[in-house]
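Here is a structure to go through by question and answer. Please look it over before reading on.

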Amino acid sequence: MTDVPLTIVGAGVVGLAVAARLAPRFPELVVLERRGRHGTETSSRNSEVIHAGMYYPTGSLKARLCVRGKAMLYELCERLGVAHRRVTKLIVAMVPGEVAEIERIYALGQANGVELSLLTAEACRRMEPAVPAVAGVFSPTTGIVSAHELMDALLAEARRGGAILQPRAELVAIERRDRDFRLAIRTPDGVESLTSERVVNAAGLDADTVAALAGIDVAAAGYQLHWRKGSYFAVSGRSARITSRLVYPVPTHVSLGVHAVLGLDGRLRFGPDVEYLADRVAAYQVDDTKLATFGAAVRRLFPSIEDAELTPDIAGIRPKLQGPGGGFRDFVIAEEAARGLPGLVNLVGIESPGLTSALAIAEEVDRLLP
C-alpha cells in the first residue's frame, strides 16, 4: 500500500497553490517544507506585485499564466479577504531613445490580452509629477498583495481539503518504483521513508536539485538553475510619499530594472538590482556600499530623491533558468512520463511572475497529473 496519493516538495506560494487546488482531489496529500515554516524564501522576498502580463512573449507560459493567474488571484483575494490593492503601474521612457521600447511593450501587452494605455509626456507628468518622463505605458490592472497573507490563506484552503504540511522535512532521495515513488526525508528525528503515488516538485531555488534526485540529467534537460540575488533600498524622509503607484523604467535584456515598489502600508522601496550568486549560498544581507549605484538608478526615475533618503532594506533570490547574459527562458512545467517518471511533475525556473501565476500554475498541474 502506498502511504499517500501525492507529495508536494516545497511550501512556497506555488507549492501551497498546488496543494490548495489538489487537496480535494487527493485527500491526505503531503507538503514537505525543509524550513521551519512555509514561505520563507523566494515567495516572501520580492516586490509582492500582481503583474499584468505585458512583458512576456505572446503564447509563452509566463504570458498566458500571468494573465490567467492575475484574474484568479484577484478573485481569491476578494473571496478570502487577503490584503491587496490595485495600485496601478506606469512604465516610463526617460529619453526619446526609449520611446520605441515603450511602444513595443504596449503592442506586446495588447497581444497578450493586457489592458494598457499609451501616455504622452504630459499625461505621465499629470499622473506622476516627480517623474520627468517623455512617454509611458499605464497598466490599470497591476496591483500588490500580501504574500504572507496569501500563503496563509492557501495553506488554510489546503488543510480544509485534508492536506498535511510537514515542516523541517527535507527531501534527500527519490526512487521510482513500479507504481509509486519512495521518498527519503530528513527530519530532526533522522531520515524517514514515505511512499507516494505522485510527486510535484515545487522546490523553488532547489527545484533542479530535486529533479536530479529523481534521476534527471538537469543540464541535458535544460533545468539547471542560476541563483540571482536582488536587493532593495527603502525611502524615508520627504520623498517617502513621492508616488502613489508603481513606477518602472523600460526593461533591459537583463531585468525589468530598479523600480518604485509600494507596500500595502504605503512604504516605498526601490529595487531589485541584479547579482548572480556563483556559489548558490543564500545570503540575504543588503550591501550598503551599493547606495551610490542605487541612488543613480533611482534618480533616473525620480531626480529629486537624494542618497541620504535611501537605506538598505530586504533582498531576495530568484531561481533563474538563464545565466548572466542569457535570453528569455520560460517556466518549466513538465510531467515526466517521457523520462520514465510517470506521476512526477517538475516546476523549474518559477521566478517572476510566479507569485501572480501561482493559481494558474496549480491549474496546469491539476491538468497534467493522472
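Q: Leaving aside neighbours within four places in sequence, which residues is Leu 29 in contact with?
A: The model is predicted. Neighbours within four places in sequence are left aside here, and contact means heavy atoms within 4.5 Å. On that basis the partners of Leu 29 are Leu 6, Ile 8, Ala 19, Leu 22, Ala 23, Gly 162, Ala 163 and Ile 164.

Q: How many residues does the largest nonpolar core have?
A: Leu 29 and Leu 347 are the residues with the most contacts inside the largest nonpolar core. The size of this core is 49 residues.

Q: Which element gives the largest share of this core?
A: Elements that give two or more residues to the core are β1 (4-9), α1 (13-22), α2, α5 (147-160), β20 (344-348) and α9 (354-368). The largest share is eight residues, and it comes from α1.

Q: In which helix is Lys 70, and what is the distance to the nearest side chain of opposite charge?
A: Lys 70 belongs to helix α2 (residues 61-80). Lys 70 is buried yet has no salt bridge. A salt bridge needs the nitrogen and oxygen atoms within 4 Å, and the nearest side chain of opposite charge, Glu 115, is at 7.2 Å.

Q: Where is Pro 272, and what is omega for the peptide bond from Gly 271 to Pro 272?
A: Most peptide bonds are trans. The bond from Gly 271 to Pro 272 is cis. Pro 272 sits in the loop between β16 (268-271) and β17 (275-276), and omega for the bond is near -10°.

Q: What is omega for the peptide bond from Ser 352 to Pro 353?
A: Pro 353 is in the loop between β20 and α9. The peptide bond from Ser 352 to Pro 353 is cis, and omega is near 5°.

Q: Is Glu 28 buried or exposed?
A: Most residues other than glycine have a negative phi. Glu 28, in the loop between α1 and β2 (30-32), has a positive phi, near 70°. Its relative accessibility is 52%, and exposed means over 50%, so Glu 28 counts as exposed.

Q: Is Thr 88 buried or exposed?
A: Thr 88 also has a positive phi, near 70°, and is found in the loop between β4 (84-85) and β5 (89-93). Its relative accessible area is 11%, and the limit is under 20%, so Thr 88 is buried.

Q: How many residues apart are Arg 64 and Glu 364, which meet in a salt bridge?
A: The side chains of Arg 64 and Glu 364 meet at 3.3 Å, N to O. Arg 64 is partly exposed at 42% relative accessibility, whereas Glu 364 is buried at 10%. Arg 64 is in helix α2 and Glu 364 in helix α9, and the separation is 300 residues.

Q: Which residues are linked in a network of salt bridges that includes Arg 280 and Asp 206?
A: Arg 280 and Asp 206 meet in a salt bridge of 3.2 Å, N to O. Arg 280 lies in the loop between β17 and α8 (291-301) and Asp 206 in the loop between β12 (190-201) and α6 (207-213), so the pair ties together parts 74 residues apart in sequence. The network is made up of Arg 34, Arg 35, Glu 41, Asp 206, Asp 208 and Arg 280.

Note on methods: Residues are numbered from 1 along each chain as its sequence is written. This is a predicted model: local features need pLDDT of at least 70, side-chain atom pairs count only at pLDDT 80 or more; totals for chains, interfaces and linings use all residues. Side-chain values use heavy atoms; hydrogens and water are left out. Helices (H or I, at least four residues) and strands (E, at least two) are DSSP runs, numbered from the N terminus. Buried means under 20% relative accessible area, exposed over 50%, partly exposed in between (1.4 Å probe, protein chains only). Lys and Arg count as positive and Asp and Glu as negative; His and the chain ends are not counted. A nonpolar core is a set of buried Ala, Val, Leu, Ile, Met, Phe, Trp, Tyr and Cys residues joined through side-chain atoms within 4.5 Å.
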